[in-house]
Each structure stands twice: as C-alpha cells, then as structure tokens.
Amino acid sequence: MPSFFSNRRLIVLLVSTIVMVVVVGITLKERPQPTWGEQFIRDTFGFFQSIAYKPARQVAGFFETINEWRTLYSENQRLKANLQENAKLMARIRELELENESLKRMLDVKSNLRDYQLIAAEVISRSPDRWYQQVTINRGAKHGVKANMAVITTEGLIGRVKSVSQFTSQVELLSDVNRVSHISAIVQGNENIFGVIEGYDLERGALLFQKIPKDAPLEEGQTVVTSGLGGIYPRGLYIGQIVEVVPDQYDLTQSALVEPAANLYHLDYVFVVEQSSLPPVEIPGPDEDKEGTEG
C-alpha cells in the first residue's frame, strides 16, 4: 500500500506537470482569440488596473509638479541672485569709469597748472542742510593745507579752504550765499574788464559778477577767470561764463551773471592750490584796482 500511494503521488505530479506544460505551450502561442478563462482573467485585471491607474497617475503627477516647482523656484532664486550681482557689478564698473575719467581730468589739470603746487583731495562729506555752502575734504594741515587756499576741480574754481584740521579741511563753496570773501576776476582775453564775484544767485544758479566799469564791452558767453590779485586765488583759474549782463541801478557800473564752470552740486575729487606757489601778479593802476577786501 505505501508503494501504491507513493506511485500515485508520482503519477499525479507527472500528470500535473504535463498539463502545465500543455497549458503553457497553448498560452504561449500567438492566438487572435484567447480562451474564455484568459479573457476573464485579463478583463478582471484590466478593470482593477483602470481603477488604480488613474489615481496613481494623478498622485505621481502631483509629486512631479512639486518637484518641477521646486526646481523652478531654485532656478528663479539663482537668476535673481545673478541679476543682483550683475547690477552691482555694472554699478561698480560705471563708478570706476567715472572715477577713472575724473582722475584723468585731474592729471590733465595738474599738467596744465604745473606752475602751481596742487594738493589732490577727495570730498569725504557734505551736509544736506549746507549742501550749497561747504564740503569736507580728506586733506588737512598735515598735508600742507592752509586756510584761504583756493580749491578747484578739473572744471574750474569751486571755492576756498575755510578752516583746517590736522587731517581734514572745510571748503567754502562759491555757491555759499553767506560767503564773505570776494573774488577778483577778469574777462579772459580782455584784462581791462575787471570786476568782483560778490555773491551767488540760488534761483539762477549763477555767480554775481559786479563792479564792472559801465563802458566795458561785456557780452554773454565771455569767459571769466581769476585775476590773481589778492593772494588767495591764482591768476587764470576758470570761474565760468557770462550768461546775462545786468545794468547797474545807478548806471555807474554794470553787473553780470556768471554760470560756474565747475559742477558745484556733484563733487568727488578736488585740488587745493598752495599759496606759496602763486606767481607774482602785476598790479594794475589805481583806476583798475577793484580788489578792496577781495581774494
């Protein structure tokens, strides 16, 4: 009996193997019409797949969208940072270009004024409430700066040194309406036309060129420079151009408005003219001397 059951299990196993091989062989064949059992199984799996596939695809799409958003956000932040860096770089380049141009003009001025000893300085502060009155430069007594020295830019005269500390100085600008020092000036090319720069018209943005002889041939566009009289301002420093001629109230003299050559609103680098370097100036006759207290 034991051998019968043993042979019986062997026979069942053999038959099952044969059936499985036959089934596998049949199902592996390419058939246009599968059996009903295969159709049932396929349709059943297809039904459940259709139910699960769409939500799974939506969930997968959701996470893909989140990843895309994160990638876009990172890219956006990176581009913003690059734009900011580029903007800073462009601003720095422009600043260096302006500084370079200013330094080149300073070298030209220093070459043109080689008869004078110039002290190069940088404007380090300017009070908003005294914008048109004075600036502070980074040169003082330790650098040879003294009170009443003339101060110029590459464009022309801007004022004089008002007070000096060891390492800084206060510069009184031509546009200071409270300025007490006067500037003796002449019309370039016609040194018989003397006058005095005595004030500043804030509304017109022009210097008041006064005490000019009434018969002097004054015209708009003429260049006004320092006369060199008085010992403060060297001869020939460019002050500005006449923009309007104004008759005197009593018809004794005439006046003019002079537009400053230097940009008094924007000042970066300046020169201080040492007084010891001023060349001697021929003093005109008594009738031509308009100095008084002028510098």
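First, the conventions. Residues are numbered from 1 along each chain as its sequence is written, and side-chain values use heavy atoms, with hydrogens and water left out. Because the model is predicted, local features need pLDDT of at least 70 and side-chain atom pairs count only at pLDDT 80 or more, while totals for chains, interfaces and linings use all residues.

Now the overall layout. The protein has two helices and 12 strands; these are DSSP runs numbered from the N terminus, helices being H or I with at least four residues and strands E with at least two. Of the 295 residues, 32% count as buried. Buried means under 20% relative accessible area, exposed means over 50%, and partly exposed is in between, with a 1.4 Å probe and protein chains only. The protein exposes about 19100 Å², and carbon and sulfur atoms supply 57% of that area. Accessible areas come from the Shrake-Rupley method with a 1.4 Å probe, and for residues only the protein chains shown count as cover. Among contacts (heavy atoms within 4.5 Å) with a separation of 6 or more, 60% are between residues 24 or more positions apart.

Next, the core. The largest nonpolar core has 44 residues, of which L157, I158, F209, I239 and V272 touch the most other members. Such a core is a set of buried Ala, Val, Leu, Ile, Met, Phe, Trp, Tyr and Cys residues joined through side-chain atoms within 4.5 Å. Leaving aside neighbours within four places in sequence, I158 is in contact with residues including V151, V171, L173, A262 and V270.

One place is strand β2 (residues 134-137). Here Q134 and T136 point one way, V135 and I137 the other, and all are buried. β2 is joined to β5 by four bridges, in the antiparallel sense, and the partner of Q134 in β5 is E172. Strand β1 (residues 118-125) also pairs with β2, antiparallel, over two bridges; two strands pair if DSSP finds at least two bridges between them. S125 has T136 as its bridge partner in β2.

The other place is a salt bridge. There are six in the structure, each a side-chain nitrogen of Lys or Arg within 4 Å of a carboxyl oxygen of Asp or Glu. R160 forms one with E172, with the closest N and O atoms 2.9 Å apart. R160 lies in strand β4 (residues 157-164) and E172 in strand β5 (residues 169-173), so the pair ties together parts 12 residues apart in sequence. Both residues are buried.

How far apart are the closest N and O atoms of E244 and R204? In that salt bridge they are 2.8 Å apart. E244 is in strand β10 and R204 in the loop between β7 and β8, 40 residues apart. E244 is partly exposed at 27% relative accessibility, and R204 is partly exposed at 46%.

R92 and E95 form another salt bridge, at 3.4 Å. They are three residues apart in helix α2 (residues 36-112), which means a separation of about one helical turn.

Last, the surface. I11, V15, V19 and V23 form a nonpolar patch with about 340 Å² of accessible area together. Patch residues have over 30% relative accessible area and no salt bridge; like charges are joined within 9 Å and nonpolar side chains (Val, Leu, Ile, Met, Phe, Trp, Tyr) within 5 Å. I11 is in helix α1 (residues 2-28) and is exposed at 53%.
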